[in-house]
Amino acid sequence: MLAKTKHFMKQANLIGGEWVQADSGAMQGVTNPANGLEIGQVPTSGAVETERAIAAAAKAFETFKKTTANERATMMRRMYEAMLDNVDALAELLTMEQGKPLFEAKGEITIGANYILWFAEEARRAYGRTVPSPWADRRIMVTKEPVGVVAAITPWNFPSSMLARKIGPAIAAGCTSVIKPAAQTPFSSLAWGVLAEEAGIPPGVINVVTGKASEIGGELTRNPLVKKMTFTGSTAVGKMLIRQCADTVKKVSMELGGNAPFIIFDDADIDRAVEGAIAAKYRNSGQTCVCTNRFYVQSSVYDEFVTKMTKAVEALRVGPSLDGNNDQGPLIDEAAVQKVEELLADAVEKGGKVVTGGARHELGGSFFQPTLVADATTDMRFSREEIFGPLAPVFKFESEDEAIQMANDTEFGLACYFYTQDLGRTYRVMEGLNYGLVGVNEGVITTPEAPFGGVKESGLGAEGGAEGIYEYLDTKYTCIGGLGL
Ligand code: ADP
């Protein structure tokens with residue numbers, strides 16, 4: 001482990017600027033999914049510690065909301081610099097607890113830094129407006145104000161950059177936050193506390209509490225001092241949090257599950273489609289909410305795609321991620337492997353053909369072979385359920401309308417992808433797909449400059465882009481009368 005990695009690896013909660021343990025002193029282990037060994041421990045906290053963190057955030061908000069946008073942007077630029085200066089250490093920490101290849105971890109830290117820079121810039125552009133008044137002696141003003149204390153609950157698949165998309169706009173808007181990271185990957189979230197300290201962000205602006213998910217989540221949703229809940233994770237937990245937030249009518253933004261289709265039309269550049277398909281499927285071992293869940297290939301190019309894709313899948317190098325030269329690491333845990341096995345067994349039983357892979361990897365643990373299943377049909381479970389693993393089902397279709405209909409036949413609506421070289425088809429299909437994110441001839445499209453968010457049961461609100469900061473701002477209308485005009 002790099003010396004700097006140790007520096008970022010905090011085994012404590014951050015509450016009001018103090019690194020503290022749970023009241024009970026209880027701790028829980030965090031393991032490296034590549035070898036099952038414990039890399040450290042974090043506090044097993046509950047409602048009491050969370051309430052204290054919320055109080056600290058509420059207190060810090062009273063002064064932080066009065067800072068100027070320029071002051072906040074300056075702090076955030078320091079945070080951005082600190083991240084770039086420490087990419088190696090932050091990436092090592094991320095790979096140790098999450099398992100993704102080191103090059104992907106460095107990519108995640110870098111994109112997280114870019115989100116911080118983007119929101120540092122957006123802080124200065126959170127414009128309100130004046131409106132032509134219908135009254136001669138009154139004036140109308142619309143201004144933006146920070147919502148207040150934000151609760152952020154994050155998943156294990158992008159433990160660093162998912163937070164960049166939440167605390168970036170929160171700090172930019174002048175809000176303070178209480179963060180609850182996923183139990184599997186708390187260290188990358190706690191590292192944000194260290195980065196905040198190094199950037200001179202005042203105590204209490206960023207608070208992190210680790211431990212019991214439902215207790216911490218219960219307090220974050222119950223406590224009236226929390227004004228907004230931002231969540232990334234499963235649709236089931238997201239729905240529950242929305243319900244829990246109803247009693248105190250909190251603003252919510254939700255980045256939930258996906259079931260991304262990836263359509264390859266007969267006029268597509270197949271080699272380019274294969275390249276995009278590999279990135280859109282096997283990145284992070286298939287564990288992203290925008291990962292392709294269903295490949296739809298037009299019948300005349302089906303065999304060509306399957307042949308070329310199989311070759312590319314077989315070229316993926318699987319191995320421990322810290323080695324630095326592997327393309328696919330382990331899955332997050334045993335449960336994730338079992339889910340892939342279940343979906344695979346279901347498909348095989350219903351006539352799916354395993355073209356490559358199809359079993360646990362010889363490295364053991366939670367390593368799984370990159371897998372491709374041809375002859376996929378809509379009665380197979382993965383046509384409805386998120387796979388979240390390195391398994392690519394390939395379906396066949398005949399017409400454009402059929403492809404659109406199959407792609408839309410899901411309650412989810414996060415990312416979708418399609419490959420074509422026909423301009424008219426590009427617009428028809430783009431407008432026909434009910435998704436929040438559309439990649440045309442591209443398999444990876446996330447960037448801070450563009451909004452990221454789903455429709456249907458994939459979520460509410462958007463992160464990033466010009467939209468992102470408004471999730472953290474309330475709108476105030478002021479009418480000034482009696483001006484004697
Ligand atoms: P995943 O399947 O990606 O683990 P989850 O929705 O289970 O998705 O987890 C995402 C985040 O939600 C994690 O931080 C997890 O600890 C948290 N979480 C899970 N259950 C609850 C709950 N009852 N209340 C609050 N947070 C929860």
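**Cavities, pockets and the ligand site**

Across the whole structure, a search finds 3 cavities of 30 Å³ or more, a cavity being a set of points, on a 1 Å grid over the protein atoms alone, where a 1.4 Å probe fits but cannot get out; grid points are joined across faces, edges and corners, and a volume is the space filled by probe spheres set on the points. The model is a predicted one, in which local features need pLDDT of at least 70 and side-chain atom pairs count only at pLDDT 80 or more, whereas totals for chains, interfaces and linings use all residues. Residues are numbered from 1 along each chain as its sequence is written, and side-chain values use heavy atoms, with hydrogens and water left out.

The largest cavity holds about 50 Å³ of space. Its lining, made up of residues that have an atom within 4 Å of a grid point, consists of Met83, Leu90, Leu93, Ile109, Ser160, Ser188, Ala191, Trp192 and Leu195.

Pockets, in contrast to cavities, are open sets of points with protein on both sides within 12 Å along at least five of seven lines. The largest pocket has a volume of about 850 Å³, and of the 40 residues lining this pocket, Pro155, Trp156, Gly233, Ser234 and Val237 are the closest to its centre. Two or more lining residues are given by each of helix 8, strand 10, helix 9 and helix 12 (334-349), with helix 9 supplying the largest share, 6 residues. The lining of the largest pocket divides into 19 nonpolar, 13 polar and 8 charged residues.

The ligand sits in this largest pocket, in the sense that more than half of its atoms lie within 2 Å of the pocket's grid points. Helix 8 (213-222), strand 10 (226-232) and helix 9 (235-246) are the elements that give two or more residues to the shell around the ligand. Of the 16 residues around the ligand, those that come nearest are Thr154, Trp156, Lys180, Ser234 and Met240, a residue being near if one of its heavy atoms lies within 4 Å. The shell residues divide into 9 nonpolar, 6 polar and 1 charged. A polar side-chain atom of Trp156 lies 3.1 Å from an oxygen atom of the ligand, while a backbone N or O atom of Ala182 lies 3.5 Å from a ligand oxygen atom and a backbone N or O atom of Ala213 lies 3.5 Å from a ligand nitrogen atom. The protein covers 76% of the 550 Å² of accessible area that the ligand has on its own, areas being computed by the Shrake-Rupley method with a 1.4 Å probe.

The second largest pocket contains about 350 Å³ of space and is lined by 19 residues, of which Glu108, Ile111, Phe158, Arg283 and Val444 lie nearest its centre. Helix 5 (102-123) and helix 6 (161-173) each supply at least two lining residues, the largest share, 6 residues, coming from helix 5. This lining divides into 9 nonpolar, 5 polar and 5 charged residues.

Technical notes:
A polar contact is a pair of N or O atoms within 3.5 Å; within protein, one must be able to donate a hydrogen and the other to accept it, and residues adjacent in sequence count only if both atoms are side-chain atoms. Helices (H or I, at least four residues) and strands (E, at least two) are DSSP runs, numbered from the N terminus. Ala, Val, Leu, Ile, Met, Phe, Trp, Tyr, Cys and Pro count as nonpolar, Asp, Glu, Lys and Arg as charged, and the others, Gly among them, as polar.
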